[in-house]
Amino acid sequence: MAPKRPNGAGAVPYPVESPAPTPPDPSELYAALDLGTNSCRMLIAQPRGSQFDVIDSFSKSVQLGQGLESSGKLSRASIWRTINAMRVCRQKLQRHKVRRMRLVATEACRRATNSRQFIKQVRRETGLRLDIIQPEEEARLAVISCAPLVSSRTEQLLVVDIGGGSTELVWIDLTKVPPRDRPRAIMRLHSGFRQTEGPVPAANVVDWISVPLGVATLRDQFSDVEDDSARFALMSWYFEESLEKFAPSTLEQSREGFQIIGTSGTVTTVAASHLGLRRYDRTKVDGLRMSSDEIDSVIRRYLSLGPEGRRSDPRIGKDRQALIMSGSAILQALMRLWPTDRLSVADRGLREGLLYQQMSLDGVLDEAPY
């Protein structure tokens, strides 16, 4: 017979909070899904103050753009991998009863000749409606997601989003914006890069570019080069050449007041490698500042490991070992071109930008400096 528990045993003189959190009100939830060339990622979040709390998330490598360089089409296998991932997303959306959402597709769907048929198939198989967004909106969303990381001392800002199929760069002049208002001015770009003057001076977007080279497409361009180091050098040179028409790259810039923010799986993986993390920790990576010497040191180690060594490295993994080198080639080219030896690491991007955009339009975020 089970022993009887004495009266009052284990009692404490104060109320104990239940370990089970109260489920959020579905009417307050927002979702954002980013279907890129390599990954399908989603966030479900609830606004809180000037930020938001993540309620649920999903991320899976679907390699939607596999074979796109050669065929110009999304393959049947990549379509089914993606649809299976989106079924999981649909289940999460239904479980949380989310009504406000934006689900977007980027470079692979912009380029594929059968993307319209793919969008219809996703709708038919999952009930989810995907929008193919244009490069300017993709760049804008990446920028506003990084607003909380903008330093009050920053006068010239370069935001770089290294994707699977493209890389977006946005150069912003903040010299006319009071220091404490600079993050807020960045957030206001959610409505467009051309801003009208208001109570607070607007951030001036000097130039932006979407380069049709990301970690997957750049890797595919040089897949026939067998030597690891030679392939890396060629990728870095080729990406640098593609920035010739980006206006700020031809101008001499001051080091003082200049900030680069990098957002991508490449940047966060390099940061995790630099920190020696055995298990990824977003709180240690997001907002980290790395010097160009620290970045170069990580990349040199990647090259010394070779493909097999990178595949077995827990910070890189089997799926990313080839992609990390094309991403590192892009990153190294960027650090060569501009007058800074520091990079701010952002574990945030298109999904966060989509959430900020929806919440800002609905007026549910506090207008407060970060």
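The structure is a predicted model in which local features need a pLDDT of at least 70 and side-chain atom pairs count only at pLDDT 80 or more, while totals for chains, interfaces and linings use all residues. Residues are numbered from 1 along each chain as its sequence is written, and side-chain values use heavy atoms, with hydrogens and water left out.

The chain holds 13 helices and eleven strands; helices (H or I, at least four residues) and strands (E, at least two) are DSSP runs numbered from the N terminus. Of its 370 residues, 53% count as buried, where buried means under 20% relative accessible area, exposed over 50%, and partly exposed in between (1.4 Å probe, protein chains only). Among contacts in the chain with a separation of 6 or more, 73% are made by residues 24 or more positions apart; a contact means heavy atoms within 4.5 Å.

Spanning residues 321–337, α12 has 17 residues and reaches 25 Å from its first C-alpha to its last, close to the 24 Å expected at 1.5 Å a residue; the expected span is 1.5 Å times one less than the number of residues. Of the 17 residues of α12, 14 are buried, so the helix is mostly covered.

Two packed helices are described by the angle between their axes and the distance between the axes. Here axes are lines fitted to C-alpha atoms, for helices over the stretch in contact, and angles run from 0 to 180 degrees between N-to-C directions. Angles under 35 degrees count as roughly parallel, over 145 as roughly antiparallel, 65 to 115 as roughly perpendicular and the rest as oblique.

Helix α9 (residues 265–275) packs with α12 at an angle of about 95°, the axes lying 9 Å apart. The two helices are therefore roughly perpendicular to each other. Thr266, Val267, Thr269 and Val270 of α9 make the contact with Ile324, Gly327, Ser328 and Leu331 of α12. By class, this contact of α9 with α12 has four nonpolar, four polar and no charged residues (Ala, Val, Leu, Ile, Met, Phe, Trp, Tyr, Cys and Pro count as nonpolar, Asp, Glu, Lys and Arg as charged, and the others, Gly among them, as polar).

The axes of α8 and α12 come within 8 Å and cross at roughly 50°, and these helices are therefore oblique to each other. On the α8 side, the residues that meet α12 are Phe232, Met235, Ser236, Trp237, Phe239 and Glu240, and their partners in α12 include Met325, Ala329, Ala333 and Arg336. The contact of α8 with α12 divides into ten nonpolar, four polar and two charged residues. Ala233 is also found in α8 (residues 228–241), and counts as partly exposed at 45% relative accessibility. The C-alpha atoms of Ala233 and Gln332 are separated by 9.8 Å, although the two residues are 99 apart along the chain.

Ser344, in strand β11 (residues 342–346), counts as buried at 6% relative accessibility. Not counting residues up to four places away in sequence, Ser344 touches Gln259, Ile260, Ile261, Gly262, Leu288 and Arg289.

Most residues other than glycine have a negative phi. Gln63, in the loop between β3 (51–61) and α1 (68–71), has a positive phi of about 50° although it is not a glycine. Gln63 is partly exposed, with a relative accessible area of 28%. Lys97, in the loop between α2 (76–96) and β4 (100–105), likewise has a positive phi, near 55°.
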